[in-house]
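User: Got a two-chain model open here and I'd like to talk through the interface. Can you help me out?

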Amino acid sequence: MDATTARKGIFDRSTKGVQVDPVKILVERGRIRFFSQVLGQTDPVHFDLDAARAAGHPDLVAPPSFFMVIEASANEERRRRGISTVQELVQVDYRYLLHGEERYFYEAPIYAGDEVEIGIVVTDFYDKKGGAMEFVTFESRIVHPERGLLVRSQRSLLHRLPEPRS
Amino acid sequence: MGAIDLKTADIGSPLPEVIFGPISRTTLALYAGASGDHNPAHIDIDFARNAGLPDVFAHGMLSFGVLARVVTQWAGVAALREFGARFVSITQVHDKISCKATIIERFEAGGETRLRLAVVATAQDGRETLNGDAVVALA
């Protein structure tokens, strides 16, 4: 790649290894119901309290990808406190942003009423396609004060970098 | 729980498919509100055009959430041990997405028997949008 075609990265790569301060989030029943409804969940353990209890759960069960709702809630909390969100920290530019990969490891269910702590680490930055795409990876964990680690996640986000102006 | 007995599930067996869409702008607005992902590229066409995109596009995590349903509607959410996918192409507004899963492996881990499933989401024109795998525990 010569200098005339080099694209400039946008992510702040100096944030590699940064561990964002954990935030406590209360998992709300209404939020689980709304999220489940939009995804078209058919299993009533996600929206019907009686059905959830009949199936042996203490409350509504969060669907598998509810993890991201808790992360978004943590970012809202950071914004209220005047702290950078994770996206602001690594300097996401939504004009060029895409989601690369998402993976969850489930240790135990997340229930409505749980007050959980979520912590995130910026794990890496790398380039692909000769620098036309730049990636950032994160690892996060949702921990319950008594039940311990509930779910952990691995994520990559990417920028499709714009052509340099000549 | 689905109709298939997990204990007798064979390698290569497909799970019942889930189809959703065509994905409307309303669905994208609702998903933004429900998930807390307010990225304007999914909900604000002015923002999308200013970014040089032809239109807004669907949240990858919307398809991800529906793709996970294929597995949990069959095995039960409590059996899910792992779920992951790569977002291999952009899901456009009005795409109709077919979500499929197939059992590919049976193995022992964590003191239990587990199944690994290949999961894939495909648009109406055959374009693959998500590709990944899931692990469930046998009861």
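User: What stands opposite A:Glu101?
Analyst: That's B:Arg86, in E2(B). This is a predicted model, so local features need pLDDT of at least 70, side-chain atom pairs count only at pLDDT 80 or more, and totals for chains, interfaces and linings use all residues. Residues are numbered from 1 along each chain as written, chains are lettered from A in written order, and side-chain values use heavy atoms, without hydrogens or water.

User: How many bridges join E2(A) to strand E2 of chain B?
Analyst: Five, and the two strands run antiparallel. Strands here are DSSP runs of at least two residues (E), helices of at least four (H or I), numbered from the N terminus; pairing takes at least two DSSP bridges.

User: OK, salt bridges. What's the count between chain A and chain B?
Analyst: Two, taking a Lys or Arg side-chain nitrogen within 4 Å of an Asp or Glu carboxyl oxygen. One pairs B:Glu82 with A:Arg103, with the closest N and O atoms 2.8 Å apart.

User: And how much area is buried between chain A and chain B?
Analyst: About 2,900 Å², with carbon and sulfur atoms giving 63%. That's accessible area (1.4 Å probe) lost on putting the two together, summed over both. In chain A, the most area is lost by A:Leu39, A:Arg103 and A:Tyr106, together 18% of what that side buries.

User: How many residues are in contact?
Analyst: 31 of chain A with 36 of chain B, counting heavy atoms within 4.5 Å.
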